[in-house]
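The sequence and the model are shown first.

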Amino acid sequence: MDTADYLDAFLAETDENLNVLSELCLVLEQQGADDDTFAAMFRAAHTLKGMSATMGFQKMADLTHHMEDALGYFRQHPERFDSAIVDVLFQAIDGLTEHVEAIRNGAGEEGIDHQVVLDALARAQNEVAASAVAAAENASFAPEMIAMLESLQDEGKQVAVVRVELTADCVMRGVRMVMVMRALEPFGECLATTPDVPVLEEGAFTGPAELAVVLHNGTFDDLRAAVADIAEVAQVDIVQLLDLKTAAKASAPNPAPSAAKPIEPTSSEQAPAAKAPAPAAGGKQAAPRHREQTLRVPVSRIDEFMNVLSELVIARTRLELLARVSENPELREVSEQIARLSDSLQDGVMSMRMMPVESLFQRFPRMMRDLQKTLDREFDFEMTGLETEMDRTVMDEMGEALVHLLRNAADHGLESPADREQRGKPRKGVIRLAAYASGGHVCLEVRDDGRGIDRDKVLASAIKKGIVDPAKAPAMSDAQVYDLLFASGFSTAATVSDISGRGVGLDAVRGKVESLGGTIRIESVPGQGSTFLIELPLTLTILQAMLVRVGNELFALPTSGIEEVARIAPQDVEFVHEQPVVNFREGVVPMIDLGAYFFSSKTTTDDVWQTVICREGKRYVALVVDDVIDELEVVNKPLGKYLEGVKVFSGATILGDGHVALIVDLHQVFQLGA
């Protein structure tokens, strides 16, 4: 079988399963061992093993097979699971992720070696098992008691032996053991002890004591914690029935050698199947859940379709113009029908390009977990708005930018736990990543409740680096000071680390956001935290725009950034620092004459000034134009490599009459009026 045709599908499904494994590992770490979680992880690992074996990637199949074994082992022995096991599982997931990237880059399995990970998985199981068996070897219950415990376990009851060891300097051993037995009562029933109860109550024993317990309430982990809280209790072990039987067999005389073939350990593939779900009420099986049919289509094909749709929009606009000047009612009817159909087609194609941001956000919980350990920080990482949809192209480009912002929030934004306590804050901080739709934009926020931005520190660093004139520094607004953080090479970090401090993060973030037609700004309150707000267009291809005339040329202004169109009388214009401004909504708005800016000739003004008032965040600017023509849908075409340095234009569009109109980048215009 030629597997090359299936490689893209294999890589896509492998990425999904690795994301599932990573997310469920975090659930295990936060909520503890859970059978459903282990089952879901086992299914994902089993799927990975089957797909990789089918594709001929045997090393990947081998690693997932050993990962299955580990998951199966801890699923059967949840009491032996602890957070250290999560690190080993993550190590295996990282190995699989690197393996997938090698395959994606065409290297296949050449040079891949998972032996370190395989050893770690084996060591994790062996060490835990050895510890349990070592505790069981000292258990001295009679075979009859073990048989009774086994019978209870077959009835579905939770049975184990609680092995308690007191400190060597414990004086009142009997009193402590009475406290231990009372601590067990809320959880279950103690069937037997060794030594016997009178001996334990008198304290006339040495070494550990064992108590056979049938659990009725809570978990054995809860029971262990309750006993461990008692003073002078040195160690508490929960010995499972399987380990008691294993220890009993190990201590029995060895039987004569047999010619029978030794039984191999049961692998995860040979493990008994999970029990089928119980029938629904009334004895009827629950109805099968409907699964929506899906079809994987390469993004490049959708992009090609989008290009064809763009040309259709241009042709539709041309037809609308011809129908408008025509006296033929049938032509107008056909034009309107084509407009409706193309709108529906456009909505359909756009919806195919839109994806929930959950697929972008799901990579970050693992990263933030690792940052807590690396930076010695304590914080909760919260994500909201996972259902918010973004254009796939925009989403793919924003991954690294959000990585920079989240690392910056953890390293620079949050204080250390000790510093937070000194300032009267909770020891554990909060970092939030949010997404929400706003008009024709998608907004992303990275917020922390840390120290906030020190204005004086930022200015001092900027002056030292020659970025800011010391004479102008006091007059700068907070927004202008915060904006300095995006300067290339700027950093206030005292030391350079693997996480940050080189001044190459935030300038790259701004560059990426602006290349996508978006904006980024900072809000901060000293001592309370900072927020980085990113505003991105829903799509980069087709947008609503207002057509304006400046001189003899036509320009398109994206309506997403337009607040309103206003006619302003000359007497309403004032001058501040020799720059024209106008009062708007109880504020002063700077005016920019596009005629003077584009052609060095002022816009014609007889009685009134025709202005388009635009907004970016909390800032406004009034653009003076000669005329407002129409509002229409335009196709954003790139300018090409020869004009890519002209920052004030984000692209161009072809109008219905064949003329070309440049699309104004309003973010760059705001820099003129800043």
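This is a predicted model: local features need pLDDT of at least 70, side-chain atom pairs count only at pLDDT 80 or more; totals for chains, interfaces and linings use all residues.

On the α4 side, the contact is made by Val86, Asp87, Phe90 and Asp94. Arg366, Arg369 and Lys373 contribute from α14.

## The five-stranded sheet

An open sheet is built from five strands in the order β6-β8-β9-β11-β10, and the pairing is mixed. The edges are taken by β6 (379-384) and β10 (519-525). Each of these two strands has a single partner strand, so one side of each is left without a neighbour in the sheet. On average, neighbouring strands of this sheet are turned by 15° against each other, direction ignored.

Strands of a sheet pair through backbone hydrogen bonds, either parallel or antiparallel. For β6 and β8 (residues 429-438), the pairing is parallel and extends over six bridges. Within this pair, Met383 has Leu433 of β8 as its bridge partner. Helix α14 (residues 364-375) packs on the sheet, where the helix touches both β6 and β8. The direction of α14 makes about 165° with that of β6.

Val164 belongs to strand β1 (residues 158-166). The relative accessible area of Val164 is 1%, so this residue is buried.

Which residues are in contact with Val164, leaving aside its neighbours within four places in sequence? They are Val180, Pro208, Ala209, Leu211, Val227, Val233 and Gln235. Among them, Pro208 is 44 residues from Val164 in sequence, while the two C-alpha atoms are 5.5 Å apart in space.

## Cysteines and disulfides

A disulfide is a covalent bond between the sulfur atoms of two cysteines. How many disulfides does a search of the whole structure find? The search finds zero.

Cys190, with a relative accessible area of 32%, is partly exposed.

Key
Residues are numbered from 1 along each chain as its sequence is written. Side-chain values use heavy atoms; hydrogens and water are left out. Two strands pair if DSSP finds at least two bridges between them. Helices (H or I, at least four residues) and strands (E, at least two) are DSSP runs, numbered from the N terminus. Axes are lines fitted to C-alpha atoms, for helices over the stretch in contact, and angles run from 0 to 180 degrees between N-to-C directions. Contact means heavy atoms within 4.5 Å. Buried means under 20% relative accessible area, exposed over 50%, partly exposed in between (1.4 Å probe, protein chains only). A disulfide is a pair of cysteine sulfur atoms within 2.5 Å.
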